[in-house]
Amino acid sequence: LEASFGTGYLLTRLAERFDTTGIDINSEMPAVARKNLEKAGVRAEIFRASVEELPFRDKSFDSIVSTMAFSGYPDGRLALQELRRVLKDDGRLIIVDPGYPSDGNSLGTISTRLWKAGGDIIRDVPVFLDQTGFEAETREIGGFGSIHLHLAEKRSSGR
């Protein structure tokens, strides 16, 4: 599942190798993504839906990807609870999103403040992941430490 696929660029790449589903709340993005999927010659199921109210059964997906979207979700905890609900036990969640650099460098901090000024909600994603039952690691992957990669695994109920 790609949560918040936008124009579908990543969705088309994922659909080349995997059985892929995507959701986006923006009413215009499904049509744009469908055109891009068709142009790439690949298929994916596409739904217009909110990540805070996913239209899927519990434990539907092996993996979920969300890139540059988590900071735009109004209720981050609810979004993570829904992502966890539709993720299979021991499934993987990958989130790429802005955050403050751990070393506090000025360029990364300014970049993060610009994201925030643009309306994004800068959250402590590792804390949210832990609170919603994920084991996770976080890496700073770009933007002078302002772009974070969160690799999470859903803890099964027996752990």
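**Strands, crossovers and aromatic pairs in a predicted model**

Ala3 stands opposite Ile23 in strand S2. The structure is a predicted model, in which local features need pLDDT of at least 70 and side-chain atom pairs count only at pLDDT 80 or more, while totals for chains, interfaces and linings use all residues. Residues are numbered from 1 along each chain as its sequence is written, and side-chain values use heavy atoms, with hydrogens and water left out.

Helices (H or I, at least four residues) and strands (E, at least two) are DSSP runs numbered from the N terminus, and two strands pair if DSSP finds at least two bridges between them. Strand S1 (residues 2-3) runs parallel to S2 (residues 21-24), with two bridges joining the pair. Between S1 and S2 the chain passes through helix H1 (residues 9-15), giving a right-handed β-α-β crossover. Right-handed here describes a path from the first strand over the helix to the second that runs clockwise when the strands point away from the viewer.

S2 also pairs in the parallel sense with strand S3 (residues 45-48), over four bridges. Within this pairing, Gly22 is found opposite Ile46 of S3. Helix H2 (residues 29-40) carries the chain from S2 to S3, and this β-α-β crossover is right-handed. In a regular strand the side chains alternate between the two faces of the sheet. Both faces of S2 are covered, with Thr21 and Ile23 buried on one side and Gly22 and Asp24 buried on the other. Buried means under 20% relative accessible area, exposed over 50%, and partly exposed in between (1.4 Å probe, protein chains only).

Further along the chain, S4 (61-67) and strand S5 (residues 87-98) form a parallel pair over six bridges. Ile64 has Leu93 of S5 as its bridge partner.

The side chains of Glu82 and Arg85 are joined by a polar contact of 2.8 Å. Such a contact is a pair of N or O atoms within 3.5 Å; within protein, one must be able to donate a hydrogen and the other to accept it, and residues adjacent in sequence count only if both atoms are side-chain atoms. Leaving aside residues up to four places away in sequence, Glu82 touches Val51, Glu52, Glu53 and Leu54, where contact means heavy atoms within 4.5 Å.

Turning to the rings, the whole structure contains four aromatic pairs. The pair of Phe47 and Phe56 is edge-to-face, because the ring centres are 5.3 Å apart and the planes lie at 85 degrees. Rings of Phe, Tyr and Trp (its six-membered ring) pair if their centres lie within 6.5 Å, and planes under 30 degrees apart count as stacked, over 60 as edge-to-face and the rest as tilted. Phe47 is partly exposed at 30% relative accessibility, whereas Phe56 is buried at 13%. Phe70 and Phe128 are likewise edge-to-face, with centres 6.5 Å apart and planes at 85 degrees. Phe70 lies in the loop between S4 and H3 and Phe128 in helix H5 (residues 125-131), so this pair ties together parts 58 residues apart in sequence.
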